[in-house]
Amino acid sequence: MSYDLKNIIIQSIKEIIQEHALTNKDVLIEIENPKEPQFGDWSVNTAMKLVKDCKKPPLEIAKFLNEKLAEKLKQKKMESKIAKIEIKSPGFINIFLSANAMHDVLRMILEQANDFGKTNLKNKQRILIEFVSANPTGPLSIAHARQAAVGESLASILAFRGQTVSKEYYINDYGNQIRNLGLSLLFRYQEKLGKKDIDFPEQGYKGDYLIELAQKMIDAEGSNFLNDNSEQTVKKFAEFAANSILQGIEQELKDFGVEFDQWFSQKDHVTNDKINQVLTELKNKNLIYELDGATWFKSTEFGDDKDRVVIKSDGLFTYLTPDIAYHKMKFDRGFDKLIDILGPDHHGYINRIKAAACALGHNKADLEVLIIQLATLSRAGKPVKMSTRAGEYITLEELIEEVGCDAARFFFLMRRCDSQLDFDLELAKKHSMDNPVYYVQYAHARICSIFESANQFKSELENIEINFDLLAEQECLDLIRRMNAFSDVLELCALTLDPQALTTYLRQLAADFHGFYSKHRVFDESKGELSRARLVLIGCVRQVIAIGLKLLGVSAPDKM
RNA sequence: GCGCCUGUAGCUCAAUUGGAUAGAGCACUUGCCUACGGAGCAAGUUGUUGCAGGUUCGACUCCUGCCAGGCGCACCA
């Protein structure tokens with residue numbers, strides 16, 4: 001059993017418009033889920049959109065569409081799926097699904113199980129989503145944690161919605177900041193060995209983690225480098241520090257449930273050859289010029305507000321230059337679409353990197369840059385401040401330890417990405433109803449628990465035929481309607497590139513379930529047929545919650 | 001000064017990307033435990049959607065101008 005009634009309706013309306021030449025424009029046919037139940041299960045606003053082209057009042061158009069739609073649905077043998085269609089001012093066509101169609105939702109969930117809500121696209125896009133990509137100069141911050149939560153969940157959702165998705169961490173292991181890291185570690189090393197009259201490097205990293213690493217260096221190398229400040233030694237220390245820190249980052253992310261398909265090292269892959277190639281390509285397109293001893297890229301030709309330096313007057317590349325080469329390599333590796341997830345301190349960077357993508361012959365939309373706004377931590381009403389350089393922060397590791405992985409993942413996804421997020425550590429730790437994570441997980445656990453009780457009658461129950469007609473109460477219909485909207489919610493997430501709508505949805509679904517639960521007893525040995533039907537219903541709810549939580553990267557526990 | 005993001009109930013936030021009467025949770029008031037998990041449910045109160053215009057059948061949503069907050073404006077990365 002599988003059909004897409006919504007699509008059939010959209011197609012039918014398209015046909016009607018074409019057959020009766022209502023407009024020559026390409027009108028987008030939308031089917032919405034009205035908030036008010038009195039407006040039906042689905043609502044079509046096409047009549048209002050056709051007012052200008054038809055030069056008739058919207059109500060009249062709606063009536064016409066409605067008549068023709070009824071004929072179409074009959075032709076397509078779908079009339080049994082519709083209970084009634086109403087026309088409402090100013091021109092809405094409100095569709096009420098029949099009980100039969102509602103039951104089909106449950107049948108579909110039973111049949112598709114873990115694949116409910118999944119789509120199989122014929123023309124899959126190959127998407128590369130790059131996120132976190134924190135410099136290996138220190139542990140991950142809360143900002144990275146949010147980027148990780150969003151990136152991982154978004155990748156899951158896009159893959160579930162039929163795209164081919166690859167997750168990548170770009171390791172910025174080359175350049176000045178890595179040298180500073182080496183200098184910092186060398187300082188800590190010499191300091192620890194008791195060397196006096198040395199100054200902490202100007203741009204150095206102050207975190208305690210380098211003091212720990214210095215000890216490891218002493219354990220491994222003794223005091224060999226006590227008086228050795230050569231570039232070679234700095235490099236050695238830098239590599240050691242970067243590798244150790246990167247290992248730590250990888251572990252932290254793993255503990256957070258975030259894993260990458262590729263760890264792409266700048267040092268290893270974005271070679272000078274690659275960078276020079278891309279500069280030559282830009283030069284051949286006449287997009288490179290010299291000024292004041294530096295080499296510039298004409299990014300203004302593609303919407304940037306000023307041109308950008310790609311080779312400084314000292315002969316070194318700017319940060320942008322290898323990044324342009326990196327983005328070219330991503331496209332060359334066969335990806336149709338790139339998604340970069342960055343922190344808010346990078347929004348000034350979007351235009352220039354997009355300009356570069358355009359300059360290399362790609363569409364502006366082929367590179368999507370998402371800015372994830374900061375999450376500010378608060379504990380007992382007091383904000384917790386963070387700064388990497390000053391070395392005082394709460395790391396991702398500490399966050400996981402304090403509130404747990406599930407709460408952290410869910411909280412980071414509760415707000416829209418472009419909105420700042422207030423992360424209340426106390427709330428996230430609470431095991432109570434005002435903690436949304438527990439609220440949703442509790443619904444899942446509660447359903448599991450009911451099945452546990454019903455288990456002893458399993459064989460008897462399974463012999464009873466499912467009578468969907470018994471699921472006629474308002475609370476049942478609300479649940480079914482909600483589950484029927486699951487696919488739309490995922491579509492919205494994929495469209496907005498933001499999992500937030502899914503967190504909101506799951507909270508609503510959980511609320512619908514808790515409401516149903518307290519009003520209707522699910523399992524009762526004396527009412528076999530009713531128990532059977534209700535168990536099927538809540539089984540479906542459990543299924544949808546499980547899929548949703550999985551896409552968010554949050555566990556769906558059987559017991560809590 | 002320029003650019004990006006934000007501004008919705010006392011607080012934290014929704015609102016299916018332009019839909020119908022702007023909704024949840026917290027807080028406050030009141031009920032509900034001899035039934036499958038009370039980590040729960042039900043009911044009540046809460047609004048000039050920052051302000052002022054504009055676009056249209058319809059605006060929290062889009063456009064313009066203000067106001068407030070955050071972030072960014074390098075030959076740093």
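Author: The account below begins with the chain as a whole, turns to the core, and then moves to the sheets, loops and helices.

The model is a predicted one. In chain A, 22 helices and 15 strands make up the secondary structure. Along the principal axes, the C-alpha atoms of chain A occupy a box of roughly 85 × 60 × 40 Å. Of the 560 residues in chain A, 39% are buried. Taking contacts between residues at least 6 apart in sequence, 73% connect residues at least 24 apart. Two domains are assigned in chain A: domain 1 covers 5-97 and domain 2 covers 436-552. The centres of domain 1 and domain 2, computed over C-alpha atoms, are separated by 31 Å.

The core itself comes next. The largest nonpolar core contains 151 residues. Leu 185, Leu 537, Val 541 and Ile 545 have the most contacts inside this core. Helix H22 (residues 528-552) supplies the largest share of the core, with 13 residues. Because domain 1 (5-97) and domain 2 (436-552) both contribute residues, the core lies between them. Ile 545 gives a detailed view of the surroundings: leaving aside residues up to four places away in sequence, Ile 545 touches Val 440, Ala 443, His 444, Leu 506, Leu 509, Ala 510 and Ala 556.

Two packed helices are described by the angle between their axes and the distance between the axes. For helix H20 (residues 486-496) and helix H21 (residues 500-519), the angle is about 155 degrees and the axes are 8 Å apart. An angle over 145 degrees counts as roughly antiparallel, and H20 and H21 are therefore roughly antiparallel to each other. At their contact, Val 489, Leu 490, Leu 492 and Cys 493 of H20 meet Ala 501, Leu 502 and Tyr 505 of H21.

Four strands, in the order E1-E2-E4-E3, form an open sheet with antiparallel pairing. Strand E1 (31-32) and strand E3 (82-88) are at the edges with a single partner strand each, so one side of each has no neighbour in the sheet. Between strand E2 (residues 42-44) and strand E4 (residues 92-97), three bridges make an antiparallel pairing. Trp 42 has Ile 95 in E4 as its bridge partner. Helix H4 (residues 58-75) packs on this sheet and touches E3 and E4. The direction of H4 makes about 165 degrees with that of E3.

The loop between E3 and E4 holds Pro 90. Ser 89 and Pro 90 are joined by a cis peptide bond, with omega about 0 degrees.

Two further loops carry backbone features of another kind. Ser 133 is not a glycine, yet its phi is positive, at about 40 degrees. This residue sits in the loop between strand E5 (126-130) and helix H6 (142-160). A residue is buried if 20 or more other C-beta atoms lie within 10 Å of its own; Ser 133 has 20 C-beta neighbours inside 10 Å and therefore counts as buried. Asp 292 is likewise not a glycine and has a positive phi, of about 55 degrees. Asp 292 is located in the loop between strand E8 (288-291) and strand E9 (294-297). With 7 other C-beta atoms within 10 Å, Asp 292 is exposed.

Three strands in the order E8-E9-E10 form an open sheet, and the pairing is antiparallel. E8 and strand E10 (308-311) are the edge strands, each pairing on one side only. From one strand to the next, the twist averages 45 degrees. E9 and E10 run antiparallel and are joined by three bridges. Thr 295 is placed opposite Ile 311 in E10.

One last position concerns a pair of residues separated along the chain. Gln 277 belongs to helix H11 (residues 272-284). Gln 277 counts as partly exposed, because it has 14 C-beta neighbours inside 10 Å. Gln 277 and Ala 325 are 48 residues apart in sequence, while their C-alpha atoms are 8.2 Å apart in space.

Definitions and conventions. Residues are numbered from 1 along each chain as its sequence is written. Chains are lettered from A and ligands numbered from 1 in the order in which they are written. This is a predicted model: local features need pLDDT of at least 70, side-chain atom pairs count only at pLDDT 80 or more; totals for chains, interfaces and linings use all residues. Domain bounds come from an automatic or database domain assignment. Helices (H or I, at least four residues) and strands (E, at least two) are DSSP runs, numbered from the N terminus. A residue is buried if 20 or more other C-beta atoms lie within 10 Å of its own, exposed if 12 or fewer, and partly exposed in between; C-beta atoms are placed from the backbone. Two residues are in contact if their C-beta atoms, placed from the backbone, lie within 7 Å. Two strands pair if DSSP finds at least two bridges between them. Axes are lines fitted to C-alpha atoms, for helices over the stretch in contact, and angles run from 0 to 180 degrees between N-to-C directions. A nonpolar core is a set of buried Ala, Val, Leu, Ile, Met, Phe, Trp, Tyr and Cys residues joined through C-beta atoms within 7 Å. Angles under 35 degrees count as roughly parallel, over 145 as roughly antiparallel, 65 to 115 as roughly perpendicular and the rest as oblique.
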